[in-house]
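Here is a friendly walk through one protein model. Have the viewer open as you read, and follow along strand by strand.

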Amino acid sequence: MVNGVPDGDQAEIVLSARDVTVAFGEKVILDKLSLEVRRGEILGFVGASGAGKSVLLRTILGLTKKRSGTITLLGVDVDKASEVERLRIDMRLGVLFQHGALFSALTVQENVQVPMREYLDLPKKLMDELAMLKIELVGLPSDAARKFPSELSGGMIKRAALARALALDPDIVFLDEPTSGLDPIGAAEFDELVVKLRDTMGLTVYMVTHDLDSLFTACDRVAVLGDKKVLVEGTIEEMRKSEEPWVKSYFRGKRARQLDLAARG
């Protein structure tokens, strides 16, 4: 039992990809890929640049079509889901896209309210209150609510995007390179925030990242994409024992050794 969540085989599978193949024309990006994500864990999804990490994320979210395979979210096969079931699933998912993807013409508060306007019918006053709660939850000052994305720092943009991802109190949050572009201190603070939110809100987090610090400090398990499928998955310690060439160079290279020494020191 970790963070109140059952370990291993006892944990509920909230996301399952089975034999998923995605291709653009003749170019196959993912080939019979399989992956499972357990309730309450933070899964780090890594791989070489251009390997297809974001493609899988978009496929899971239904933004990119797959050629074959099965994707199950929260116990529901999305291909067999009715329109009502799909809507209910969408409301239980939160997404932080790469670079934040905030609407530039909307304030932070209005950006956070976008999912509420899309899926709920709430009075403006209640939406304002809920948006402020999410803004404070991610550690932004209250006056940030009235600012536009152009007035925010990179770290504030990521937090505002995270507040929007949490707008509907989702079960699963998808983070696409959440610490990309942040300085080391800002990235570390964001990782700590993600862990804290997972623990307090009972979230499941699917994190596409290349940041070794995030993998070492925030993730319970890691899945490595290579050769168009998941090569290996497991804890950081299991990654460091892998003899897969890319995994070995990534998790046992100079940068990884420095992180390990810092953690032990």
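Predicted model: local features only at pLDDT ≥ 70, side-chain atom pairs only at ≥ 80, totals over all residues.

## The six-stranded sheet

Let's begin with an open sheet of 6 strands, in the order β6-β7-β8-β3-β9-β10 and with mixed pairing. The edge positions belong to β6 (93–96) and β10 (229–234); each has a single partner strand, so one side of each has no neighbour in the sheet. On average, and ignoring direction, neighbouring strands here are turned by 20° against each other.

Within this sheet, β3 (residues 42–47) and β9 (residues 221–226) run parallel and are joined by 5 bridges. Helix α6 (residues 184–201) lies across β3, β6, β7 (172–176) and β8 (204–208), and runs at about 140° to β3.

## Strand β1 and its partners

Strand β1 (residues 13–24) pairs with β2 (residues 27–38) in the antiparallel sense, over 8 bridges. One of the facing pairs is alanine 17 with its bridge partner leucine 35 in β2. The hairpin of these strands has 2 residues between them, and glycine 25 takes a positive phi near 70° there.

β1 also pairs with β4 (residues 68–73), again in the antiparallel sense, this time over 5 bridges. Here arginine 18 stands opposite threonine 70 in β4.

## Salt bridges

How many salt bridges does a search of the whole structure find? The count is 13. In one of them, lysine 66 meets aspartate 79, with the closest N and O atoms 2.5 Å apart. This pair links distant parts of the chain, 13 residues apart: lysine 66 is in the loop between α1 (53–60) and β4, and aspartate 79 in the loop between β5 (76–77) and α2 (83–91). Lysine 66 is partly exposed, at 22% relative accessibility.

Helix α4 (residues 124–137) holds both aspartate 128 and lysine 124, 4 residues apart, or about one turn of the helix. Their salt bridge has its closest N and O atoms 2.8 Å apart. Aspartate 128 counts as buried at 18% relative accessibility, whereas lysine 124 is exposed at 56%. Lysine 134 and aspartate 169 form another salt bridge (2.4 Å, N to O). Because lysine 134 is in helix α4 and aspartate 169 in the loop between α5 (154–165) and β7, the pair ties together parts 35 residues apart in sequence. Aspartate 169 is partly exposed at 49% relative accessibility, while lysine 134 is buried at 9%.

Key. Residues numbered from 1 in each chain as written. Heavy atoms only, no water. Pairing = 2+ DSSP bridges. Axes fitted to C-alpha atoms, helices over the stretch in contact; angles between N-to-C directions. Contact = heavy atoms within 4.5 Å. Salt bridge = Lys/Arg side-chain N within 4 Å of Asp/Glu carboxyl O. Buried < 20%, exposed > 50% of the residue type's maximum accessible area, 1.4 Å probe, protein only.
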